[in-house]
Amino acid sequence: MSPKTPPAEEADESVVVVEGGPKSWAAGIPGVYHSMKPAFEQMGVQRAGKTLLAMNQKDGFDCMSCAWPDPDHRKTFEFCENGAKAVTWEATPVLVEPGFWAEHSLSELRGKSEYWLGMQGRLTEPVYKPAGEDHYHPVGWDEAFSIIAGRLKELESPDQATFYTSGRTSNEAAFAYQLFVRAYGTNNLPDCSNMCHESSGWGMGQTIGIGKATISYDDFAKADLIIVMGQNPGTNHPRMLTALEEAKDAGGHIVAVNPLPEAGLRRYKNPQRIRGVIGHGTQIADQFLQIRIGGDMALLQAVSKRVLDAEAKNPGTVLDHDFLEKHCHGLEELKEHLSQLDEEAVLLATGLRSEEIDELAQRYLSAEKVIITWAMGITQQKKGVATIKEIINLLLLRGNIGKPGAGASPIRGHSNVQGDRTMGIWEQMPPAFIEALGKEFDFEPPSEHGVDAVESIRRMRDGGIKVFVGLGGNLVGAISDSHVAEAAMANTELSVQISTKLNRSHAVTGKEALILPTLGRTEIDMQESGPQFVSVEDTVCAVHASHGTVQPVAPKLLSEVAIVSRMAAAVVGDRVHVDWAGFEHDYDLIREHISHVVAGCEDYNTKIRRKGGFVLPNGPRDSRTFPTPTGKAMLTVNHLEHVERPERTLILQSMRSHDQFNTTIYGHADRYRGIKKGRDVVFVSPEDLAELGLGDGQRVDVHGVYEDGSERVMRNIQVVSYPTARGCAAAYYPEANVLVPLESVAEGSQTPVSKAVIVRLEPSTAA
Ligand SMILES: Nc1nc2c(c(=O)[nH]1)N[C@H]1C(S)=C(S)[C@@H](COP(=O)(O)OP(=O)(O)OC[C@H]3O[C@@H](n4cnc5c(=O)[nH]c(N)nc54)[C@H](O)[C@@H]3O)O[C@H]1N2
Ligand SMILES: Nc1nc2c(c(=O)[nH]1)N[C@H]1C(S)=C(S)[C@@H](COP(=O)(O)OP(=O)(O)OC[C@H]3O[C@@H](n4cnc5c(=O)[nH]c(N)nc54)[C@H](O)[C@@H]3O)O[C@H]1N2
Ligand SMILES: [Mo]
């Protein structure tokens with residue numbers, strides 16, 4: 001394998017080329033073609049074959065692009081276009097060469113886009129930037145760990161450091177990392193989930209006692225109705241389209257609730273089927289509710305009210321009385337609350353017609369088994385937690401939890417974000433976990449809650465947190481209020497990034513900075529006891545092994561487990577008795593401890609070696625047991641609120657294009673939305689454009705409108721006339737993060753409100 005030079009930078013990333021509006025179908029032949037081409041071009045036939053064909057197979061590695069589960073019967077090509085992009089991006093033999101660091105200063109790197117940074121290729125050796133200097137230089141692994149140990153040991157309190165995790169980290173690395181952090185003395189374990197499905201964890205935790213999906217993969221095909229809310233599976237979970245297609249084949253119906261007519265929700269051409277390849281594919285959504293941003297809570301209350309009204313008309317025939325009596329609290333209060341629901345307020349909040357809501361209610365009432373799935377359109381809202389509680393209300397009314405073909409299903413983002421939480425990556429792990437951890441390793445872990453992602457940034461900004469360690473991810477690129485976040489990071493004494501490739505968080509750093517390059521999931525992980533595998537948990541609580549299949553891109557890389565273990569040995573080796581070297585040599589040792597500490601993981605080493613792995617227990621799903629304080633599920637009363645929009649403003653959401661993975665930008669197209677090139681766009685409906693006196697293709701400045709009068713603006717953005725819901729707009733994340741105030745968070749979960757910023761568009765002042 002010979003290192004290649006990175007693909008040349010495109011001349012001007014701000015150029016926009018638009019081509020013909022939203023596509024009405026997703027995947028199909030272009031899907032297959034688009035998946036394979038870059039892999040073969042960039043990796044060569046052999047490496048491409050070894051990676052793509054091993055993806056999501058029982059003896060291969062787990063795709064790192066999303067947390068979608070694998071079916072029991074795997075196909076030869078068990079991957080999607082975007083999974084193939086993720087693998088190509090990681091397994092590429094393009095390398096950051098040793099001369100790179102002398103050639104490029106940090107000041108220069110700060111002027112580069114995420115696309116450019118990622119395109120420089122894989123990181124190959126540890127590098128260090130001393131305080132006061134503008135360049136990184138190569139450093140030995142031992143020296144890197146001793147710098148970290150020196151700075152961490154100097155702090156007055158362990159709470160002056162924060163330890164971030166992004167959701168690609170394996171269970172083994174995550175378990176070792178949280179042990180290290182708690183042994184060091186803090187619960188400061190923020191993660192990407194704080195910005196993602198945190199609202200799901202809160203909403204479900206407070207109602208059914210567990211923040212995880214109550215369904216398994218097979219339930220999709222058994223459902224009579226699947227409601228997909230605030231989610232764009234065609235781009236972000238493409239293999240979910242196969243499950244939706246199977247559900248339709250079995251007679252189920254699908255409803256999509258979204259301000260945008262997303263391609264995958266309309267029609268799906270399955271590349272694995274003749275019909276998909278040559279025909280029109282399967283029409284996915286039987287009903288499309290084009291909701292106004294932030295209107296889902298009102299919609300759900302209105303549907304629940306219709307369900308209760310139907311029961312009142314025909315008592316004893318609509319609700320699942322048996323289930324409600326045996327397993328739930330709060331029906332009377334909910335009835336009372338919804339009896340006062342103001343239909344006008346609902347129509348205003350949702351932008352829908354009464355008949356559309358009637359139709360959805362009718363579909364819900366005619367279905368015996370209903371699944372509701374959701375993602376960022378629901379969680380990244382001020383009322384995200386309350387909206388999820390309304391999802392649970394609606395499901396509980398007809399006993400749609402804990403029976404085949406029914407349930408609540410948050411669809412997770414990062415491929416192991418759920419597993420990381422199971423392993424203890426959370427600033428608020430429950431006392432039972434903390435106690436078990438302390439008992440297993442004979443130490444007293446801190447019991448006070450730590451800080452989440454937003455609170456970490458606040459404390460870094462204010463000087464309370466002085467050291468930042470990131471196990472993967474790109475916190476300053478991913479979190480809200482980019483300028484505030486960057487100033488906060490620059491205000492730390494030391495920042496450490498454990499990464500596969502360059503991103504913004506390597507250019508915006510603490511006074512001292514380290515980059516520690518790591519193996520990716522595609523790569524063979526050879527340790528003293530032989531090749532290692534790791535394990536991950538998908539969005540429906542299935543845990544399985546992941547084996548790397550190709551040679552590492554560079555000899556000096558260490559695995560995440562090795563990096564965490566060596567860092568821990570350097571920092572807390574003299575304080576707690578943990579066989580850190582043993583962890584690195586044989587991951588079975590870590591799994592042995594996981595068996596003793598993590599509920600549901602008993603006998604982990606045996607269960608994880610079963611073909612296809614095992615499924616974690618889940619009370620609501622398995623036996624209608626609800627681990628809440630009362631042992632019952634809670635129907636809840638939630639005060640309705642919608643996003644207020646002053647005249648001549650729009651509600652802006654920030655979302656993913658088809659050519660990115662979070663802050664990683666693979667390319668500049670968004671095929672399904674008709675964007676051929678360019679990311680500096682804002683999608684607005686033709687009616688709103690006419691009302692605002694703006695034209696398709698015009699350049700505008702997007703000004704955030706805030707109650708405190710503060711100024712945030714995204715300049716020189718091209719307007720794209722697009723059939724989004726009235727009063728709404730959409731732009732791409734992470735660019736739009738500059739518009740989301742750090743203080744704008746979901747009530748309860750503190751998830752940044754990335755999907756609802758009030759904006760005013762002004763003709764651009766840029767030349
Ligand atoms: N290829 C690829 N795959 C990915 C990722 C990626 O970046 N690229 N990211 C991964 C991660 S970490 C995550 S969390 C998931 C994210 O998966 P998604 O949640 O699908 O991601 P977004 O692009 O944020 O899309 C949000 C969707 O919600 C809709 N929406 C916005 N506001 C509202 C609202 O108020 N109500 C309703 N009903 N809908 C609304 C938007 O129109 C859009 O369709 O994907 C994961 N998979
Ligand atoms: N405005 C707005 N903001 C958002 C969102 C939004 O929809 N809108 N979405 C939010 C969501 S859902 C999420 S999950 C966060 C994402 O936040 P993060 O998880 O922090 O961001 P990513 O872009 O996924 O991180 C990418 C980096 O991870 C590193 N990496 C990749 N693979 C590996 C690996 O195997 N090991 C290690 N150690 N490092 C690796 C690479 O260096 C890469 O540059 O962003 C959030 N921010
Ligand atoms: Mo996410």
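How far is an oxygen atom of ligand 2 from an N or O atom in the side chain of serine 166? Select both and look: the distance is 2.7 Å. Keep in mind throughout that this is a predicted model.

**Stop 1: ligand 2**

Stay with ligand 2 and show its surroundings. There are 30 residues around ligand 2. Those that come nearest are Ala478, Glu560, Thr663, Tyr733 and Asn737. Pick alanine 478 next. One of its polar backbone atoms is 2.6 Å from a nitrogen atom of ligand 2. Then move to asparagine 737. Here an N or O atom of the side chain is 2.5 Å from a nitrogen atom of ligand 2. On its own, ligand 2 has 930 Å² of accessible area, and the protein covers 97% of it.

Colour the shell by residue type. Around ligand 2 you will find 10 nonpolar residues, 15 polar ones and five charged ones. Which domains supply at least three residues each to this shell? They are domain 1 (99–135 + 143–196 + 416–602) and domain 3 (650–763).

**Stop 2: the domains**

Zoom out and colour the chain by domain. Domain 1 comes in three segments, written 99–135 + 143–196 + 416–602. Domain 2 covers 198–410, and domain 3 covers 650–763. Next, select the contact between the two. Domain 1 gives 13 residues to it, and domain 2 gives 11 residues.

**Stop 3: ligand 1**

Select ligand 1. It has 32 residues around it. Nearest are Asn258, Glu262, Asp296, Gln660 and Asn662. Start with glutamate 262. A polar atom of its side chain lies 2.6 Å from an oxygen atom of ligand 1. Go on to asparagine 236, where a polar backbone atom is 2.8 Å from a nitrogen atom of ligand 1. Glutamine 660 also uses its backbone: a polar atom there is 2.7 Å from a nitrogen atom of ligand 1. Bring the surface back. The protein buries 99% of the 920 Å² that ligand 1 exposes when taken alone.

**Stop 4: the cysteines**

Finish with the sulfurs. How many disulfides are there? The count is zero. Cysteine 80 is buried, at 14% relative accessible area.

Last, jump to cysteine 541. Cysteine 541 is in no disulfide either. Its nearest cysteine sulfur belongs to cysteine 601, 11 Å away. Is cysteine 541 buried or exposed? With a relative accessibility of 2%, cysteine 541 counts as buried.

Technical notes
Residues are numbered from 1 along each chain as its sequence is written. Chains are lettered from A and ligands numbered from 1 in the order in which they are written. This is a predicted model: local features need pLDDT of at least 70, side-chain atom pairs count only at pLDDT 80 or more; totals for chains, interfaces and linings use all residues. Side-chain values use heavy atoms; hydrogens and water are left out. A residue is near a molecule or strand if one of its heavy atoms lies within 4 Å of it. A polar contact is a pair of N or O atoms within 3.5 Å; within protein, one must be able to donate a hydrogen and the other to accept it, and residues adjacent in sequence count only if both atoms are side-chain atoms. Accessible areas come from the Shrake-Rupley method with a 1.4 Å probe; for residues, only the protein chains shown count as cover. Ala, Val, Leu, Ile, Met, Phe, Trp, Tyr, Cys and Pro count as nonpolar, Asp, Glu, Lys and Arg as charged, and the others, Gly among them, as polar. Domain bounds come from an automatic or database domain assignment. A disulfide is a pair of cysteine sulfur atoms within 2.5 Å. Buried means under 20% relative accessible area, exposed over 50%, partly exposed in between (1.4 Å probe, protein chains only). Contact means heavy atoms within 4.5 Å.
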